[in-house]
Amino acid sequence: MYKATVAAVLIAAAPVVQAAQNHPAQQQVQQNIDAMIGIVKNKSLNEQQRIRQVEQYADRFLDYERLSATAVGLPWRQFSAQQKQEFIRAFKDMVIAMYARSAMINAERADVKVLPKMTTHGNKTDVYSEILTPSGKKYEVGYQLYQSGNVYKLYNIQVDGVSIVTVYRNQFGELIAQKGIDGMIEAVKNKSLKKAE
């Protein structure tokens, strides 16, 4: 399931079939998608250059700290400030290394439409899209955002109701139990975790 929806990690880098609605969060999601499409389809860039540009763009809108905290779960409270920073960098690098290339491929073959439904609670907003794969499978992707000034920051992604970042939580928990926090961070740095399917 997650191979087909990996573009969601990079802010749904896939062609839009339906325009976003009028809420600023939906407008931003559409702008993000359009920007990703422009990078992915820029044939003057090689694969690594495109991946780097996607990463640089996504850095403006993804809250890697909250994504990391969600992925680790309760043990996050036991991390020192230095361990948190090391893990955030390692987790980001691991996700990009594991998923960026397949996201580039899927971006040109899948269709995504921004759905009219959305939910708001305080300064948090959930925007939804539907991804249609070439094989005809459909997945609903929920982008969980919070407002920070004039920007909406992404802090979680759900595919058919399942959080993509929490897929790793069991692996992180097992590694912490076996090797401690530093050992788990080292495993993430070495990209030795199983890819979420």
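Five salt bridges were counted in the predicted model, a salt bridge being a side-chain nitrogen of Lys or Arg within 4 Å of a carboxyl oxygen of Asp or Glu. Because the model is predicted, local features need pLDDT of at least 70 and side-chain atom pairs count only at pLDDT 80 or more, whereas totals for chains, interfaces and linings use all residues. Residues are numbered from 1 along each chain as its sequence is written, and side-chain values use heavy atoms, with hydrogens and water left out.

R52 is partly exposed, at 42% relative accessible area, and E55 is buried, at 12%. Here buried means under 20% relative accessible area, exposed over 50% and partly exposed in between (1.4 Å probe, protein chains only).

Between D59 and K92 the closest N and O atoms of the salt bridge are 2.9 Å apart. This pair links distant parts of the chain, 33 residues apart: D59 is in the loop between α2 and α3 (64–72), and K92 is in helix α4 (residues 81–109). D59 is partly exposed at 29% relative accessibility, while K92 is buried at 17%.

K117 and E140 also meet in a salt bridge (3.2 Å, N to O). K117 in strand β1 (residues 111–121) and E140 in strand β3 (residues 138–148) are 23 residues apart. Both are partly exposed, K117 at 41% and E140 at 29%. Salt bridges with shared partners join R52, E55, D59 and K92 into one network.

Technical notes
Helices (H or I, at least four residues) and strands (E, at least two) are DSSP runs, numbered from the N terminus.
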